[in-house]
Amino acid sequence: MSQNAGGATAYRPSAPPEAGNGGREAFSARSVFILAAIGSAVGLGNIWRYPMVAYESGGGAFLIPYLVALTTAAIPLLFLDYALGHKYRGASPLAFKRLRRWLEPFGWVQVLMCFVIATYYAVVLAWALRYFFYAFTTEWGSDTGAFFEGELLEVTEIGALGHFVTPTLIALAGLWILCIGIVAVGVDKGIGLANRVFLPLLILVFGALVVRALFLEGAATGLDAFFTPDWNAIKDPDVWVAAYGQVFFSTSVAIGAMLTYASYLKRRTNLTGSGLVVGFSNASFEVLAGIGVFACLGFLAVQQGVGVEDAAAGGPGLTFVVFPALINEMPFGNVFGVLFFGCLVVAGITSLISLMQVVGAAFGEKFGLAPRTGTLVTGAVMAAVSVFFYARSTALHVLDVTDNWVNNVVLVTAAGLAALAVAFAARALPELARHLNAVSSFKVGRLWMLCVAVITPAVLALATWQSVSTLVSDGYPSGTDDAGNPVYYPSEFVNIFGWGMTAALVVLALLLSVIPWIKEHERARAHELDEHGNDLNDPAGHRSPEYVEGGRA
């Protein structure tokens with residue numbers, strides 16, 4: 001070990017480094033990394049969350065705060081994740097530790113968030129898989145809402161342990177086996193190959209579905225509702241917070257996924273160029289999803305003789321209640337349904353494997369496990385937790401509360417604090433900017449540092465304040481009664497799966513940070529690049545032409 005000029009620890013392996021990547025697994029090409037990163041970002045939330053957020057936040061006018069948020073928060077944080085992962089050659093805990101030893105807990109918070117998100121994300125994916133098979137015969141019938149809560153979820157009362165839902169259990173087990181197998185094969189041959197196949201397939205099929213939706217009767221009505229701008233909404237601070245929240249949650253930043261993927265890049269990879277491609281590709285898919293969803297909602301509204309606002313719904317209701325009702329009304333609707341739910345399954349798999357990689361890589365590095373062993377062990381634990389909590393008839397309640405606290409409390413708070421710690425306590429932004437600029441086509445400077453150190457933490461602090469103050473004062477609603485009044489989850493239920501889970505993540509992150517690292521000397525060395533992108537820590541010579549792949553092009 002040696003100390004570099006910035007105070008971070010540079011690591012040298014005991015064995016000769018693998019060409020181009022310091023002894024660490026690597027994506028075979030920059031294009032494979034980009035596909036994997038887009039696959040991580042594009043998931044179920046893009047399809048069911050963005051359209052409704054945009055519709056409720058000014059319609060067409062929402063594109064203005066959305067693009068501002070994308071360029072001042074999501075993309076700058078993508079660059080930060082890429083710089084940390086690529087420079088320090090590890091998953092989140094190791095990367096943060098190599099930057100400054102006392103930053104390691106921030107890395108473990110990200111890993112534990114991925115652990116929790118993966119356990120409930122998989123069950124939503126299992127629901128989509130079940131609907132994929134139901135779509136062949138439109139088995140859900142005419143009352144799609146009752147089918148979702150009754151036949152699919154077998155929902156029981158809040159607070160009860162409930163019973164296992166056998167079809168969900170089978171689908172969930174199959175998905176975990178598939179995803180564990182993909183990740184266990186390796187970064188390039190497993191994750192890379194899966195995204196090379198699944199992502200183009202997703203874009204092709206989903207694009208075809210959108211084109212079909214545009215020719216439905218009433219599609220124009222739905223698109224008018226989606227795109228008609230309400231310029232007064234831009235004056236509403238809540239709309240801007242919603243825009244930042246949407247881009248933040250939809251690009252997989254600050255949860256360790258992009259950081260971990262970047263650690264598998266070769267030395268001379270165009271980091272900022274890749275970040276721009278990933279950020280704008282994800283945004284484009286969200287807009288495409290909005291067009292398709294609202295074209296369908298316009299058709300459904302016309303068929304039912306109601307307004308678009310009455311046909312619209314967000315979250316799981318959009319996917320598992322509204323869309324089956326739409327499929328019932330469409331000519332050849334079962335074909336549309338099979339393709340739609342197939343798209344959801346594909347999008348979910350690419351996101352789930354990125355969450356699994358974050359967890360497996362982090363624990364593998366910490367405890368000296370081989371990559372495949374780390375994947376198998378952590379994957380088995382995640383699968384067991386997922387089955388126990390989310391293959392039950394109480395899954396919807398537990399998922400709802402856990403998801404809200406992870407995303408609206410833990411994630412935004414940890415991301416804001418991590419940005420402030422890296423910027424002001426560690427004073428690391430200048431050295432990370434130099435690392436990005438050494439290999440990237442798009443240069444970063446003071447504006448990027450301003451976004452990371454000031455703008456993003458300020459917006460996240462406002463979002464955290466709004467979420468936490470509302471949860472403390474009002475509680476968390478589970479739905480509405482017959483009169484339309486909110487009904488809230490019992491406080492003991494929220495204290496266990498909301499605040500209790502939050503406290504557990506923090507405590508576990510601190511405990512994991514004090515456990516000694518095993519075989520740390522065998523980790524791939526950190527990259528210390530000069531202004532030309534040459535690696536100062538490369539003992540074998542740092543101008544080998546094989547490193548230029550994906551460099552400044």
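This is a predicted model: local features need pLDDT of at least 70, side-chain atom pairs count only at pLDDT 80 or more; totals for chains, interfaces and linings use all residues.

User: Which residues line the largest cavity?

Analyst: The lining is made by Leu77, Leu80, Asp81, Leu84, Phe96, Gln110, Ala254, Ala415, Ala418, Ala419 and Val422.

User: And how do the residues of that lining divide into nonpolar, polar and charged?

Analyst: There are 9 nonpolar residues, 1 polar and 1 charged. Asp81 is the charged one, and Gln110 is the polar one.

User: Which helices each supply at least two residues of that lining?

Analyst: Those are α4 (63-88) and α18 (395-425).

User: OK, stepping back. How many cavities of 30 Å³ or more are there?

Analyst: The count is 3 cavities of 30 Å³ or more.

User: How much space lies in the second largest cavity, then?

Analyst: About 50 Å³. Its lining consists of Phe206, Leu209, Val210, Ala213, Gly292, Val293, Cys296, Phe323, Phe336 and Phe340.

User: Which element gives the most to that lining?

Analyst: That's α9, with 4 residues. At least two residues each come from α9 (187-214), α13 (271-304) and α16 (333-366).

User: How many charged residues are in the lining of the second largest cavity?

Analyst: None are charged; the lining has 9 nonpolar residues and 1 polar.

Technical notes. Residues are numbered from 1 along each chain as its sequence is written. Side-chain values use heavy atoms; hydrogens and water are left out. On a 1 Å grid over the protein atoms alone, a cavity is a set of points where a 1.4 Å probe fits but cannot get out, and a pocket is an open set with protein on both sides within 12 Å along at least five of seven lines; lining residues have an atom within 4 Å of a point. Grid points are joined across faces, edges and corners, and a volume is the space filled by probe spheres set on the points.
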